[in-house]
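Good morning. I will walk through one structure and stop at a few places in the chain. Please keep the sequence and the 3D view open while I talk.

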Amino acid sequence: MTEPAPATRWRADGKFLSAHGTRVFPLCVTYGPFPGGWPASFHHDFSRIAASGIQALRLYQMPDRHLLDAAQSHHLSVFAGLNWGQNHDFIRQPHFLSAAQVNLAENLRHIAHHPALAGIYVGNEIPADLARWIGPVRVRQTLENLITLGKQIAPHLLFAYANYPSTEYLEPENADFTAFNLYLENEPAFRSYLKRLHHIAGDRPLVISEFGLDSQRNGLTQQAQTLRWALAAARQLETAAFTLYAWSDRWWNNGNEILDWDFGLTDRLGNPKPALASTTAWSPPPPPPTPTGNPTFSVIICTRNGHDRIHTCLTACYNLAGNDHEILVVDDGSTDATAHLVATRFPNVRLIQLPPSGLSAARNAGAAAAHGNILAFTDDDCEPDPEWLTRLLPHFHSGKYAAVGGPNLPPPPHTLTQAVIAALPGAPSHVLLDDEEAEHLPGCNIAVTKDAFHSIGGFDPQFRTAGDDVDFCWRLSHAGHRLGFAPGAFVWHHRRPSIRAFLRQQIGYGKAEKLLLQKHPTHFSPNGGAKWRGFVYGGGPIRATGQPVIYHGLFGNAPFQSLISRTLPLRPIPPPFNTPPARALHRLVSWLTPRLRAWYRNHQLRLTNEPQPKPQPSLPTEEITLP
């Protein structure tokens with residue numbers, strides 16, 4: 001018999017998932033547990049699941065090799081579930097947690113390297129009242145410890161916790177993706193909450209780990225229609241994967257067969273329901289039409305002595321999806337071989353050479369030469385994601401925004417220094433007023449209409465190395481323009497290569513802040529910190545850390561229990577670099593960075609002045625973030 005082809009390993013790839021360098025958008029379905037246990041043969045179910053376009057199964061228990069072999073033979077991947085005493089007080093009754101650790105370790109030793117196994121959910125919907133009783137931080141740390149154990153045994157697998165809106169604050173710091181079970185039956189509310197979840201997820205992919213509708217109460221037609229719009233909305237709003245709940249109406253829970261709901265794509269006899277055909281709504285959108293006139297986008301990259309960096313940046317720009325863009329490089333007085341490299345290796349790139357003029361002047365020169373209607377700026381140390389422009393464009397089509405940008409993510413680190421710098425404060429960050437509108441977008445990932453750009457006079461040439469984007473965004477807002485945020489339109493942004501270079505960058509930021517303080521005094525507090533109306537995002541998942549207040553609602557029963565915090569988490573130091581020396585270095589540089597910036601901003605080492613009148617809640621003081 002021919003050996004079945006192995007399933008492809010998935011990995012986190014910025015805000016999405018990929019396999020062997022190819023972007024994947026898995027459509028999953030929950031499978032089991034069933035009354036009477038697993039069927040004697042999986043062939044009938046798995047062949048129908050695969051034929052419907054579903055690529056993966058989500059289980060609520062650890063599978064045996066028989067199930068994994070069957071999944072592999074039908075080219076299905078499997079997300080296993082760790083079934084343990086998560087509904088009990090596992091802190092005061094530690095045998096539940098001990099059993100979970102043993103169960104995870106023993107199962108992974110037998111199945112971790114099976115090619116059909118894609119990942120593990122270490123828990124599912126810990127009840128909100130139990131989380132309050134135990135303490136949110138202790139619950140989150142328990143989940144993180146289980147993920148750490150799993151990664152030590154099987155670092156090639158994906159690990160996550162299936163969260164839900166009642167415990168938003170339990171997001172594990174070390175999960176590979178953010179997963180939410182979400183049952184919102186109203187499309188506008190569903191879309192709105194997906195936008196919120198992107199910010200809870202931080203830098204990592206957002207996965208819907210359950211979504212379904214009970215056809216017993218809502219009818220077969222309503223179930224199918226709801227699944228269809230949910231799948232279409234999730235794909236449009238940049239969800240990395242989607243899990244339908246469930247394959248069958250047959251369901252076993254807590255020792256009983258559940259007969260009063262029917263969430264399945266098939267009925268209790270195995271017959272397909274209309275909802276099964278809704279899987280086609282997860283199909284990718286059609287490619288954009290071929291342009292006939294000027295390009296929509298002009299990608300503008302400014303560089304000075306960027307010979308060692310710009311090749312990677314331009315290669316990424318060459319690989320951008322679609323063909324409705326041009327690429328311009330503005331060489332700001334380089335003394336190395338940057339211009340020669342661009343001219344000889346990238347003949348389709350338009351090269352503009354200037355005497356040393358500064359970053360703002362270089363960006364203005366690129367805009368003056370651009371043919372596109374939208375000017376998309378990035379830096380020579382960035383690699384735009386292939387779908388960068390196609391994910392920016394719908395936000396311009398909405399007509400609401402004059403400028404749009406997305407996240408800038410540090411690439412996976414290869415050294416301890418890279419890991420520490422990626423987790424430090426002071427990195428370029430977006431500032432959001434709500435889940436869709438931005439107050440600030442870093443210059444390494446910002447696109448603006450040509451009309452809006454010229455209406456405010458472009459970038460201010462006095463900002464030669466930094467601060468230009470902060471000034472630009474403030475002037476756009478003052479002129480009545482709005483800034484939008486596209487969570488999936490990300491660029492990989494390489495941070496400074498050494499601690500010394502990082503600190504020099506922070507000194508440059510302090511000098512730029514001095515210019516900003518002189519030009520925009522009302523945007524700064526008395527001690528020199530920038531006043532943002534919105535939230536400064538640090539890249540880490542939003543989670544309980546012991547400092548924020550958690551809104552639980554009346555008697556602790558709010559369906560959407562949110563964190564109330566103006567200080568959003570930074571990126572964690574990723575394993576295996578999260579060691580005591582790395583943490584000590586991180587603490588030292590984190591202490592030094594704001595003091596350096598304060599000294600070069602206004603010659604103060606103190607970060608606070610004498611007590612000032614309490615600021616208005618809408619104008620929190622945050623350390624300014626520059627590109």
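Start with A246, which sits in the loop between β11 and β12. One caution before going on: this is a predicted model.

Is A246 buried or exposed? Its relative accessibility is 4%, so A246 counts as buried. The cut-off for buried is under 20% relative accessible area. Now look at what surrounds A246. Leaving aside neighbours within four places in sequence, A246 is in contact with V29, T30, F263, G264 and L265. There is also a distance to note for A246.

R250 lies between β11, residues 241-244, and β12, residues 252-253. R250 has 28% relative accessibility, so R250 counts as partly exposed. Partly exposed is the range between the 20% limit for buried and the 50% limit for exposed.

Which residues does R250 touch, not counting residues up to four places away in sequence? They are P33, F34, P35 and R268. With P35 there is a specific pair of atoms to find: the side chain of R250 reaches the backbone oxygen of P35 at 2.9 Å. Please also find G32 on your screens. R250 and G32 are 218 residues apart along the chain, yet their C-alpha atoms are separated by 7.9 Å.

G32 brings up the next topic, peptide bonds. The bond from G32 to P33 is cis, with omega near -5°. P33, one of the residues R250 touches, is in the loop between β4, residues 27-30, and α1, residues 43-51. A cis bond also joins P575 and P576, and there omega is about 5°. For P576, look in the loop between β29, residues 563-564, and α17, residues 580-602.

Next, backbone angles. H20 is not a glycine, but has a positive phi of about 55°. You will find H20 in the loop between β2, residues 16-19, and β3, residues 22-24. H20 is exposed, because its relative accessible area is 74%, and the cut-off for exposed is over 50%.

E125 is another residue with a positive phi, about 50°, although E125 is not a glycine. The loop that holds E125 runs between β7, residues 117-124, and α4, residues 128-134. At 25% relative accessibility, E125 counts as partly exposed.

Now the cysteines. How many disulfides are there? The count comes to zero. Take C313 as an example: the nearest cysteine sulfur belongs to C317 and is 4.3 Å away, and C313 is in no disulfide. The cut-off for a disulfide is a pair of cysteine sulfur atoms within 2.5 Å. C313 has 0% relative accessibility, so C313 counts as buried.

H325 is found in strand β15, residues 325-332. Leaving aside neighbours within four places in sequence, H325 is in contact with C317, and also with P295, F297, L320 and L389. The relative accessible area of H325 is 17%, so H325 is buried.

Last, the empty space inside. Rolling a probe the size of a water molecule over the atoms shows where empty space is left. This structure holds three cavities of 30 Å³ or more. What is the volume of the largest cavity? The volume is about 130 Å³. There are 16 residues lining the largest cavity, and the closest to its centre are G202, D203, P407, H430 and Y537. Two elements, α6 (187-201) and β20 (408-409), each supply at least two residues of that lining. By class, the lining of the largest cavity has six nonpolar, seven polar and three charged residues.

Methods. Residues numbered from 1 in each chain as written. Predicted model: local features only at pLDDT ≥ 70, side-chain atom pairs only at ≥ 80, totals over all residues. Heavy atoms only, no water. 1 Å grid on protein atoms, 1.4 Å probe; cavity = no way out; pocket = protein on both sides within 12 Å on 5 of 7 lines; lining within 4 Å. Points joined across faces, edges and corners; volume = space filled by probe spheres on them. Helix = DSSP H or I, 4+ residues; strand = E, 2+ residues; numbered from the N terminus. Nonpolar A, V, L, I, M, F, W, Y, C, P; charged D, E, K, R; others polar. Buried < 20%, exposed > 50% of the residue type's maximum accessible area, 1.4 Å probe, protein only. Contact = heavy atoms within 4.5 Å. Polar contact = N/O pair within 3.5 Å; in protein donor to acceptor, adjacent residues only side chain to side chain.
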